[in-house]
Amino acid sequence: MRTKFIKRTIEDTIDAGRGSGYIETIEYECPCGKGRIIEEHDRTPGVTSHDVWLLCDDCNKKYKINSKIVSAWEVVPK
């Protein structure tokens, strides 16, 4: 399942030797609504990474993030 979108932020980054880029952070509600799911894309040249985290103690006991690629994640029962 995908959950409710909360907000999206973009932070500009600069790497002295590689140039400028940005970090995109997208925040969603967790299934119970007490915590958050954070999807992060670091598009700084030479650093590029993509991650997703479930930040809720209650939901971490019941669910996990299933993701073949970060932007296509879904919350599934453990």
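**Core, sheet and salt bridges**

Modeller: The largest nonpolar core has 12 residues: I26, Y28, C30, I37, V52, L54, C56, C59, Y63, V70, W73 and V75. Such a core is a set of buried Ala, Val, Leu, Ile, Met, Phe, Trp, Tyr and Cys residues joined through side-chain atoms within 4.5 Å. Buried means under 20% relative accessible area, exposed over 50%, partly exposed in between (1.4 Å probe, protein chains only). β2 and β4 each supply at least two residues of this core.

This is a predicted model: local features need pLDDT of at least 70, side-chain atom pairs pLDDT 80 or more, while totals for chains, interfaces and linings use all residues. Numbering runs from 1 along each chain as its sequence is written, and side-chain values use heavy atoms, without hydrogens or water.

Now the sheet. It is open, with 4 strands in the order β1-β2-β3-β4 and antiparallel pairing. Strands are DSSP runs (E, at least two residues), numbered from the N terminus; two strands pair if DSSP finds at least two bridges between them. β1 (5-15) and β4 (49-55) are the edge strands. β1 and β2 (residues 19-29) share 10 bridges. I10 has E24 as its bridge partner in β2.

E24 is buried, at 9% relative accessibility. Its side chain forms a salt bridge with R8 at 2.5 Å, N to O. The rule: a side-chain nitrogen of Lys or Arg within 4 Å of a carboxyl oxygen of Asp or Glu. E24 also meets R43 in a salt bridge, at 3.0 Å. R43 sits in the loop between β3 (36-42) and β4, 19 residues from E24. R43 is partly exposed, at 31%.
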